[in-house]
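Please look over the sequence and the structure shown here before reading on. The paragraphs that follow lead through ring contacts and the nonpolar core.

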Amino acid sequence: MKNLLLLFIVFVSCSYPKAQEQIIPLETKGGRTAGAYYKDLDNELSPFVGTWKGTFQDKTFIITFYKIKYYNSLSDYFQDSIIGKYKLLDSNGSELYSTYNLADNKAKILSIGFKNYKTKLWFSFTDKCIEGDILIHFTNVEKNQIYWKYITDQTIVTNTANCAPFNEMPRDEFILNKQ
């Protein structure tokens, strides 16, 4: 009987989670708390989620934004973020480059946070050969158009080994429409 009681106590104690994750609003200012989850409680990221399409320099840029729970391993916390997977098509519709096959944790575009009183969403772009920042914001109240601006200080890539066949990230400013 004692063994049965002991087995029951062990089973019940293992059934409960060890610790509840602390949920904090995503846009909380200041340092990040280890082990916490910075959650998009007001769904401010949700309007950006989906597939967007725009044209620049006779090429078509298509990007899909996904909302994910991202783990920051350097500071040991989670936060809701948006990743972007994209493809670039030439003027004939042939695919020049695509990142849709990459795993979420290998996505080249990751949201960092909001800027200018939450009017612009800021992303980092990182590839093996070039990196930069992307700022997007809605151009209308329906939230079905975004203005895209890619910013980088890098102009020359000296070592092109393992790089994309060209810099696939549009350096222009242009409008993307929700599909």
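**Rings, a charge and a core**

The charged end of Lys69 sits over the ring of Phe78, 4.9 Å from its centre, where such a placement requires NZ of Lys or CZ of Arg within 6 Å of the ring centre and within 35 degrees of the ring normal. Lys69 also lies over the face of Tyr37, at 4.3 Å from the ring centre. This is a predicted model, in which local features need pLDDT of at least 70 and side-chain atom pairs count only at pLDDT 80 or more, while totals for chains, interfaces and linings use all residues. Residues are numbered from 1 along each chain as its sequence is written, and side-chain values use heavy atoms, with hydrogens and water left out.

The structure holds 12 aromatic pairs, meaning rings of Phe, Tyr and Trp (its six-membered ring) with centres within 6.5 Å, called stacked if the planes are under 30 degrees apart, edge-to-face if over 60 and tilted otherwise. The rings of Tyr38 and Tyr77 have centres 5.5 Å apart and planes at 80°, so this pair is edge-to-face. Tyr71 and Phe78 form a tilted pair, 4.8 Å centre to centre with 45° between the planes; Tyr71 is partly exposed at 36% relative accessibility, and Phe78 is partly exposed at 28%.

Of the 31 residues in the largest nonpolar core, Phe61 and Trp148 touch the most other members, a core being a set of buried Ala, Val, Leu, Ile, Met, Phe, Trp, Tyr and Cys residues joined through side-chain atoms within 4.5 Å. Ring pairs also link Phe61 and Trp148 with Phe56, Tyr86 and Phe174 into a cluster.

Conventions. Buried < 20%, exposed > 50% of the residue type's maximum accessible area, 1.4 Å probe, protein only.
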